[in-house]
Amino acid sequence: MLNYQPRDLDQVFGALTDPTRREILARLEREEPLSIKTIAAPFTIKLPAVMKHLDVLSAAGLITRSKHGRTVDVRLSPERLREAAEWLRRYERFWSPALDRLTVQAEAKEAEAREAEARRAALGGSEAPDE
Amino acid sequence: MTSITLVRRIAARPSIVFEALTTPEGVAAWWGPDDLPAIATVVDARVGGAFRIRFPTYDGEEHEAVGEYLEVAPPTRLVMSWRWTHNGVTAEAEGISRIEFDLRPIEGGVELTVTHADLRNEASAAIHALGWPDSLFRLRRLLEAAPPT
């Protein structure tokens with residue numbers, strides 16, 4: 001819904017504002033499940049900081065964590081992302097086509113105005129076109 | 001302050017473009033995401049004047065928003081507030097955003113810059129932070145890779 005913005009989507013977008021969290025999602029996109037240790041490995045930040053990012057992603061419904069023995073499997077949870085993408089598409093969809101139509105409309109009006117001016121000129125009028 | 005900005009170069013004189021922005025007939029013809037005429041339009045384009053639009057979309061839904069004109073400077077600048085109403089209920093104050101239209105004369109026409117500003121909520125902040133095309137690309141990549149549910 002264009003004008004419908006559930007609070008949990010706010011949480012999703014909030015989670016997506018952070019580059020570390022986006023990177024985690026991108027890695028899960030390529031390969032899942034990943035253990036927390038594997039996720040943390042490429043980052044210079046410490047494990048607790050990574051855990052906090054995972055908490056945010058989990059609270060937003062973007063990932064799921066499940067315990068397997070001594071490791072925790074982290075998986076992508078696509079449903080929230082799908083909703084977020086849909087929201088973005090709808091909002092983007094709002095302005096761009098509207099301005100395209102405005103352009104077409106204004107250019108048609110301009111052509112009409114020029115024709116009218118040309119007709120007036122042909123009739124011997126000496127007035128200069130506006131602007 | 002978060003905002004999105006779009007720019008269009010239009011082969012028409014500024015006064016014509018400004019008229020399309022500030023008359024009910026003009027606005028009704030282009031406003032909204034889908035190529036359907038607005039159902040009801042109030043355009044009182046003077047400072048403090050009201051804006052109200054109700055427009056349909058291809059999915060059969062109708063959307064309504066209200067606003068107030070904050071700056072009206074023909075034919076160069078138009079600023080209005082904007083908030084959605086949903087089932088007759090107007091969005092809370094934090095839902096107010098601002099739309100700015102700036103017209104700059106260029107060779108053979110006008111450059112129109114539209115800024116949708118004061119998008120304060122988290123979602124809009126994310127759009128701003130990620131950038132439109134980039135965020136969409138990223139999300140699409142994630143979605144395409146996601147297994148069907």
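In chain A, strand β2(A) and strand β3 (residues 71–76) run antiparallel and are joined by six bridges. Helices (H or I, at least four residues) and strands (E, at least two) are DSSP runs, numbered from the N terminus. Two strands count as paired if DSSP finds at least two bridges between them. Within this pair, Thr64(A) stands opposite Arg75(A) of β3(A). Helix α2 (residues 19–30) of chain A packs on the sheet and touches β1, β2 and β3 of chain A. The direction of α2 makes about 90 degrees with that of β3(A). Helix α4(A) also packs on the sheet, where it touches β2 and β3 of chain A. Its direction makes about 115 degrees with that of β2(A). Contact here requires C-beta atoms, placed from the backbone, within 7 Å. Axes are lines fitted to C-alpha atoms, for helices over the stretch in contact, and angles run from 0 to 180 degrees between N-to-C directions.

The model is predicted; local features need pLDDT of at least 70 and side-chain atom pairs count only at pLDDT 80 or more, while totals for chains, interfaces and linings use all residues. Residues are numbered from 1 along each chain as its sequence is written, and chains are lettered from A and ligands numbered from 1 in the order in which they are written. The pLDDT is the predictor's confidence in each residue, from 0 to 100. The model scores are ipTM 0.77 and pTM 0.62.

The sheet of chain A is open and has three strands in the order β1-β3-β2, with antiparallel pairing. Its edge strands, β1 (34–35) and β2 (63–68) of chain A, each pair on one side only. Overall, chain A holds five helices and three strands. Their pattern along the sequence is α-α-β-α-α-β-β-α. Of the 131 residues of chain A, 25% are buried. A residue is buried if 20 or more other C-beta atoms lie within 10 Å of its own, exposed if 12 or fewer, and partly exposed in between, with C-beta atoms placed from the backbone. Of the chain A contacts between residues at least 6 apart in sequence, 55% join residues at least 24 apart.

Helix α4(A) has 13 residues, which at 1.5 Å a residue should span 18 Å. The end C-alpha atoms are 18 Å apart, in agreement. The expected span is 1.5 Å times one less than the number of residues. The buried residues of α4(A) are His53(A), Leu54(A) and Leu57(A). Viewed down the helix axis, they fall within an arc of 100 degrees, so they line one face of α4(A). That arc is taken over the directions from the helix axis to the C-beta atoms. An α-helix has 3.6 residues a turn, so residues three or four places apart point the same way. Gly61(A) follows α4(A) and has a positive phi, near 80 degrees.

The highest mean is 95, in helix α4 (residues 47–59). The lowest is 74, in helix α1 (residues 7–16) of chain A. Over residues 1–5 of chain A, pLDDT stays under 50, and the model has nine contacts beyond four places in sequence for this stretch.

Chain B contains four helices and eight strands, in the pattern β-α-α-β-β-β-β-β-β-β-α-α. Buried residues make up 32% of its 149 residues. Of its contacts between residues at least 6 apart in sequence, 38% join residues at least 24 apart. Helix α1 (residues 14–22) of chain B is mostly covered, with eight of its nine residues buried. Among them are Ile16(B), Val17(B), Phe18(B) and Leu21(B).

Strands β7 (residues 97–106) and β8 (residues 109–117) of chain B run antiparallel and are joined by nine bridges. Glu100(B) has Thr115(B) in β8(B) as its bridge partner. The two strands form a hairpin with two residues between them. In the turn, Gly108(B) has a positive phi of about 75 degrees.

Arg8(B) belongs to strand β1 (residues 3–10) of chain B. It is partly exposed, because 17 other C-beta atoms lie within 10 Å. Leaving aside neighbours within four places in sequence, Arg8(B) is in contact with Leu99(A), Thr103(A) and Leu112(B). The C-alpha atoms of Arg8(B) and Val114(B) are separated by 8.4 Å, although the residues are 106 apart along the chain.

The mean pLDDT of chain B is 78, and 69% of its residues reach 70 or more. Over residues 122–149 of chain B, pLDDT stays under 50. The model has 52 contacts beyond four places in sequence for that stretch.

Definitions and conventions
Contact = placed C-beta atoms within 7 Å.
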